[in-house]
Amino acid sequence: MRSILTLLLVALTLPATAQQEEKASVRLLADHTAYAAGSSARLAAVVAIDEGWHVNSNTPTFDWLIPTEISLEGPAGWSEPQLLYPAGVDRTFAFADQALSVYEGEVKILAAVPIPAGTGDGEHRLSGELLFQACDHNSCLPPVRTPIELAVTVGAGGQPANAAVFGNLSGDPAATATATTGLPWMLLLAVIGGLILNAMPCVLPVLSLKVFGLVKSAGQGRGSVVSGALATTSGILVSFWALALAAVAARSAGAAIGWGVQFQQPVFVTFLAVVVLLFSLNLWGLFEIMLPGRAMGALGGGPKEGFAGHFVSGLFATLMATPCSAPFLGTAVGFALAQPAIIIFAIFTAVGVGMALPYLLLAVFPGAARLLPKPGPWMDTLRKVMGFLLAAAAIWLLYVLAGQVSAERLAFIEVGLLLIALFVWLRSQGQRVGKALAGLATVGAIVTTLGLAASASPTGGKTSNEVVHLIPWQTFDRGQAESLAAEGQMVFVDVTADWCFTCKTNERLVLETPEVADLFERYDVVPMKADWTNRDDAIAAFLSDYGRFSIPFYMLYRPGQEPHLFGELLTRAQIASALEGSAAQQLAASQH
């Protein structure tokens with residue numbers, strides 16, 4: 001109490017001229033001359049404090065002391081910067097009974113400013129202020145708010161700048177903030193989400209391969225079970241590391257990134273269709289090729305799967321899992337893709353560990369494999385049944401492809417798949433020379449089919465926007481949606497894709513129902529659908545602006561209010577509650 005009264009008395013008795021003195025100056029600097037859209041600008045506010053004076057740290061000793069704080073704001077649509085304040089030093093003063101946490105000399109406050117993907121080239125102005133209160137050993141001046149401003153250039157060719165300031169700085173505001181707050185929780189979410197992926201329909205065809213392989217391993221001894229489980233784990237982890245590396249590289253190049261976007265490429269979808277077809281033919285007994293001596297390996301067939309077979313099936317499981325991951329990994333992966341490279345790798349590794357957890361447990365407790373049924377004639381029947389599960393996955397991949405290429409090109413790709421199956425069958429029927437010729441024809445058919453997909457324009461297929469729905473969807477136009485909301489109309493936005501399993505489930509069970517259609521009609525909601533089946537940088541930038549990097553994504557523009565964001569797992573009750581709440585808010589506003 002005595003300290004508070006002393007400070008008040010000092011402030012009241014200071015002459016007016018002294019109260020205007022700041023005793024500190026601030027410069028806002030950037031570490032590069034330009035930044036790519038979708039990257040993050042690293043800034044430093046350099047605060048120079050006059051000799052003999054100090055300011056309170058950002059976390060002062062007492063809550064009644066004024067902390068040193070920076071407020072920084074970018075252009076409209078930019079996310080809030082992440083700040084990292086240095087630790088204060090403890091000093092004792094005549095006006096305080098105990099040591100206070102303060103800043104002295106020169107202090108550097110770091111800021112990470114996310115630049116939305118799709119931001120146009122040129123200068124973009126950041127502005128804000130620095131709040132501080134300067135004191136010497138006997139008295140304190142009134143608090144001061146010093147304006148700060150910096151023009152950040154967006155574009156190519158950025159070079160490092162202000163090395164004297166940034167060269168001695170360690171730590172990243174985004175990385176440090178997440179490491180001390182949200183990172184442990186996100187890692188836990190990632191592990192749980194990865195574990196749940198094993199039960200998703202997209203992974204079921206691959207899981208069928210693993211069940212078959214584990215049954216065989218159980219009959220070959222403890223060592224075979226352990227090596228198979230570790231090989232599958234290795235395949236899963238390597239594939240997640242590859243995805244993380246691709247995400248970091250894409251973001252460094254200024255490209256918009258997202259989870260599952262590899263399914264936007266027709267050649268990737270066709271490649272998976274070819275692999276799934278070959279797996280099916282293998283399970284149906286049309287060919288038996290062993291790794292590592294031959295090309296495909298016994299991925300579920302043959303007497304022994306081998307390390308390479310288990311490893312490749314782990315890779316394949318990850319590729320098939322991404323379209324089904326949004327409900328369980330949307331938060332963790334979305335968090336990761338907005339962070340520095342080390343955080344991206346940490347989150348993706350956690351997802352991989354979660355997905356590989358059953359196999360890791362089997363490696364630790366290989367005796368559990370004894371609970372599986374013993375090998376026998378029944379395995380031949382099971383093997384053929386699993387082949388049909390994989391064939392179902394191929395049908396789904398062709399459905400995805402139908403939204404990416406023209407009908408004519410899709411027909412040629414389907415003919416290519418048919419020829420691959422035909423040549424594999426001929427190879428199983430022929431003698432030595434016939435087998436060789438059929439093998440060459442199979443390779444030629446695979447190359448031709450992939451070539452057809454690679455040369456396709458990923459815009460010619462029929463998109464989900466053209467299908468008849470209960471709800472009269474309009475093609476998403478961000479400018480139009482914001483304009484309608486400004487005029488007093490609600491707009492519901494659905495970002496979807498043909499390859500997104502969760503999107504299709506929500507559409508069938510929630511959105512395309514009479515209840516939701518009636519709600520949209522009752523509240524005069526304009527429904528807009530953003531189809532991300534094919535690459536669309538505008539949609540990627542829209543997602544990034546709201547901190548999302550995966551789909552499904554649902555948002556309700558509300559007049560006079562901030563947009564309402566829904567979760568990945570949508571319910572009719574959530575939609576009804578959001579619409580009713582927005583309508584009530586509009587009514588209350590109109591009555592005032």
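User: OK, how confident is the predictor in the protein chain?
Analyst: This is a predicted model, and the mean pLDDT of the protein chain is 76, with 74% of its residues at 70 or more.

User: Which elements have the lowest and highest mean pLDDT?
Analyst: Helix α2 (residues 16-19) has the lowest, at 38, while strand β13 (residues 491-496) has the highest, at 94.

User: Where does pLDDT stay under 50?
Analyst: Residues 1-20 are one such stretch, and the model gives them 20 contacts beyond four places in sequence. Residues 289-304 are also below 50, with 43 contacts beyond near neighbours in sequence. Where pLDDT is low, the predicted coordinates should not be read in detail.

User: Tell me about α8. Is it enclosed or exposed?
Analyst: Largely enclosed by the rest of the structure, because 16 of its 18 residues are buried.

User: And how far apart are its end C-alpha atoms?
Analyst: They're 26 Å apart, which agrees with the 26 Å that the 18 residues of α8 (residues 266-283) should span at 1.5 Å a residue. After α8 comes G285, with a positive phi near 85°.

User: Switching to cores. What's in the largest nonpolar one?
Analyst: It has 55 residues, and those with the most contacts inside it include I420, V491, W532 and F542. α8 gives the most to this core, with twelve residues.

User: What is F542 in contact with?
Analyst: Leaving aside neighbours within four places in sequence, F542 is in contact with F476, R478, V493, V495, F553, M555 and Y557. There's also a second, separate core of 32 residues, with L28, W53, L72 and L130 among them.

User: Last topic, the four-strand sheet. What's the order?
Analyst: β6-β7-β3-β10, as an open sheet with antiparallel pairing. The edge strands are β6 (89-91) and β10 (134-135), each pairing on one side only.

User: How many bridges join β6 to β7?
Analyst: Three, and the two strands run antiparallel, with β7 covering residues 100-103. If you want a spot to look at, R91 stands opposite L100 in β7.

Note on methods. Residues are numbered from 1 along each chain as its sequence is written. This is a predicted model: local features need pLDDT of at least 70, side-chain atom pairs count only at pLDDT 80 or more; totals for chains, interfaces and linings use all residues. Side-chain values use heavy atoms; hydrogens and water are left out. The expected span of a helix is 1.5 Å times one less than its number of residues. Buried means under 20% relative accessible area, exposed over 50%, partly exposed in between (1.4 Å probe, protein chains only). pLDDT is the predictor's confidence in each residue, from 0 to 100. Contact means heavy atoms within 4.5 Å. Two strands pair if DSSP finds at least two bridges between them. A nonpolar core is a set of buried Ala, Val, Leu, Ile, Met, Phe, Trp, Tyr and Cys residues joined through side-chain atoms within 4.5 Å.
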